[in-house]
Amino acid sequence: MIRFIYADQLTSEPALASSMFNDRRRQFKERLNWDITVGDDGQERDEYDDMNPLYIIWQRPNGLHGGSMRVLPTVGRTMVNEHFAHLSDGVAIASPLIWECTRFCISPDAEDGRKVAGALMLAGCELGLRFGLTDSVGVFDNRMIRIYRNIGWEPTVTGTEGTGKDAISVGLWPITPECRASIADKTGFEVTAARDWFEASFPSQMPLAA
Amino acid sequence: MSHLLEETIDQLQTSESVDDIPVLLKTLRENYDLDHIVYHSGGPGLKEQNLFTYPVEWVMHYINEGYRNHDPVYMSTQRSWLPVEWSRLNWSGKMEHRILKEALDGGVGLNGYSIPMRGAAGRFAMLSFNVNAKPAQWESQLEAQKRDYLLLSHYVHEKVQALTGEEEATIKELSPRERDVLTLLSLGKSRAQAAEQLKISEHTFRVYVDTARHKLGALNTTHAVAVALIQRAIVI
């Protein structure tokens, strides 16, 4: 299932956390060969992981990481604005209504990678709708475009660098109920699935009544 | 852009001192059918601003009892950046339950939505929207107004910072592309025409208008163009 979890809550989930950062090394360093740093512990983290991002994580039945992405508000520091602004016409994408989603990662150990990818995108769209956003911005390996298309939620590419399998793009995902329905339709999830995941992560617990 | 939000702009524009802000918050709460709106800004070694529509007796009680560091709303917005729905916070502790109960007795509504914001030098700010209503009623109100809440929070925060002279020193300059976008709109081009001329998608065009709007502190496109012209960020 999907969990929404802040970085500072990961300390109480050490196995989940370390399997996520290990899987990020496997995907971004070993498979995609991105120019990123891996710690002595074999975990891939960067400075944005220190800004208390919200992670959307698919937790496997064994409790370990099956896939994830990292969410930050664009009114603060973001990877896209600090490292990839040349891929959005030099425009810093900063608005209260736009969040950044990066490090979209699927574990090679996931039971069904396609399902995990769909769940993550559905959860991301749900999060945006729930808080009234207009768009999400992200940087991605171009090989992901086909996956995004299959999931039913394609980004508008603002810029690309590199060619062929080394190409990296910045893209914008519109956040609309239609997009959520499209993802649910393509991936076989109920359109309400992500709402249930959110409720499980942030349960209502008001003790008094109006 | 909602009609209510546009109405708010003018009044915010004409605020000349921080003392005007509580009056603005009162208008806002009426426009949005809320009971209270509360703004807080502070941080280590920074001057605090507390602007609110709450009964002053409740605020004095809250301060005198030292409730802040036990208040789930304050504590959770300190560490998170997502807007916080009060109903999802943990009120089960003895102290937390007491704060909640006394707040309701003191005139605070049961439903709240608080938006945290962060600035330079460790500045933390939040805007809380509050109303006493049945859960279903609050749910639909929040659904209809949550986008405005997000925009209002940042707008009020920037205005307060500007009025107190503590606005972050960096002036948010428009990028050349944002200037192109606003220039074409100021010349009366449609979004589709302007996007085509710049060889970008309409979606990308809309987002660049939004980022420019945010930088200029404008809540709609017409206003953004006007501000850009006044600041001579664009010239036609």
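Just after H6 of chain B, B:Gly165 has a positive phi of about 70°. Helices here are DSSP runs of H or I with at least four residues, numbered from the N terminus. The model is predicted: local features need pLDDT of at least 70, side-chain atom pairs count only at pLDDT 80 or more, and totals for chains, interfaces and linings use all residues. Residues are numbered from 1 along each chain as its sequence is written, and side-chain values use heavy atoms, leaving out hydrogens and water.

Helix H6 of chain B covers residues 135-163 and spans only 37 Å between its end C-alpha atoms. A straight helix of 29 residues would span 42 Å, where the expected span is 1.5 Å times one less than the number of residues.

H6(B) has a kink of about 55° centred on B:Gln145. The bend at a residue is the angle between axes fitted to the seven residues ending there and the seven starting there.

## A lysine in H6

B:Lys159 lies in helix H6 of chain B. This lysine is buried, at 18% relative accessible area (buried is under 20%, exposed over 50%, partly exposed in between, with a 1.4 Å probe and protein chains only).

Leaving aside residues up to four places away in sequence, B:Lys159 touches B:Leu12, B:Gln13, B:Ser15 and B:Ile21 (contact means heavy atoms within 4.5 Å).

## Cysteines without disulfides

Over all chains, the structure holds zero disulfides (pairs of cysteine sulfur atoms within 2.5 Å). For A:Cys101, the nearest cysteine sulfur is that of A:Cys125, 10 Å away. A:Cys101 is buried, at 18% relative accessible area.

The sulfur of A:Cys179 is 5.5 Å from that of A:Cys125, its closest cysteine sulfur, which is too far for a bond. A:Cys179 is also buried, at 12% relative accessibility.

Key: Chains lettered and ligands numbered in written order. Helix = DSSP H or I, 4+ residues; strand = E, 2+ residues; numbered from the N terminus.
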